[in-house]
Amino acid sequence: MADLKYYDVILKPVITENSMSAIEEKKYTFLVHPDANKIQIKEAVEKMFDGTKVESVNTMNYNGKPKRRGMIYGKTVAKKKAIVKLAADSKDIEIFQGM
């Protein structure tokens, strides 16, 4: 497994209708590196966003979908998604504000 730094763990936020409605409960959704574990994700969120305190992390692995173009078979890239719940006294994450 590669040595992941905290800035390599979180790839991008997930902006969907379902994830936006979960912000009211202080739950934020991110696409993360497939090799990252829950402890690394927690540390990355707390270091990247000042004033945040993570209460729990839930992760989901998505395998690549099979695709075909002519006679060539392949798969799309596998992804990992993390739902991060912040503590009640934690500061909100600003990148989700105003969406």
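The model is a predicted one, and in it the count of salt bridges comes to 4. Apart from these pairs, a patch of positive charge lies on the surface, made up of Lys12, Lys65, Lys67 and Lys79.

**A salt bridge between distant parts of the chain**

- Asp92 and Lys26 form a salt bridge in which the closest N and O atoms are 3.4 Å apart, and this pair links distant parts of the chain, 66 residues apart.
- Asp92 belongs to the segment after β6 (79-86), while Lys26 sits in the loop between α2 (17-21) and β2 (27-32).
- Lys26 counts as buried because its relative accessibility is 16%, whereas Asp92, at 35%, counts as partly exposed.

**Other salt bridges**

- Lys5 pairs with Asp3 in a salt bridge whose closest N and O atoms are 3.2 Å apart; Lys5 is partly exposed at 39% relative accessibility, and Asp3 is exposed at 63%.
- Glu94 forms a salt bridge with Lys91, with 3.5 Å between the closest N and O atoms; Glu94 counts as partly exposed at 48% relative accessibility, and Lys91 is likewise partly exposed, with a relative accessible area of 43%.

**The positive patch**

- Lys65, one of the residues in the patch of positive charge, is placed in the loop between β3 (54-62) and β4 (66-69).
- The relative accessibility of Lys65 is 56%, so this residue counts as exposed.

Note on methods: Residues are numbered from 1 along each chain as its sequence is written. This is a predicted model: local features need pLDDT of at least 70, side-chain atom pairs count only at pLDDT 80 or more; totals for chains, interfaces and linings use all residues. Side-chain values use heavy atoms; hydrogens and water are left out. Patches are made of residues with over 30% relative accessible area and no salt bridge: like charges are joined within 9 Å, nonpolar side chains (Val, Leu, Ile, Met, Phe, Trp, Tyr) within 5 Å. Accessible areas come from the Shrake-Rupley method with a 1.4 Å probe; for residues, only the protein chains shown count as cover. A salt bridge is a side-chain nitrogen of Lys or Arg within 4 Å of a carboxyl oxygen of Asp or Glu. Lys and Arg count as positive and Asp and Glu as negative; His and the chain ends are not counted. The place of a charge is taken as NZ of Lys, CZ of Arg, CG of Asp or CD of Glu. Helices (H or I, at least four residues) and strands (E, at least two) are DSSP runs, numbered from the N terminus. Buried means under 20% relative accessible area, exposed over 50%, partly exposed in between (1.4 Å probe, protein chains only).
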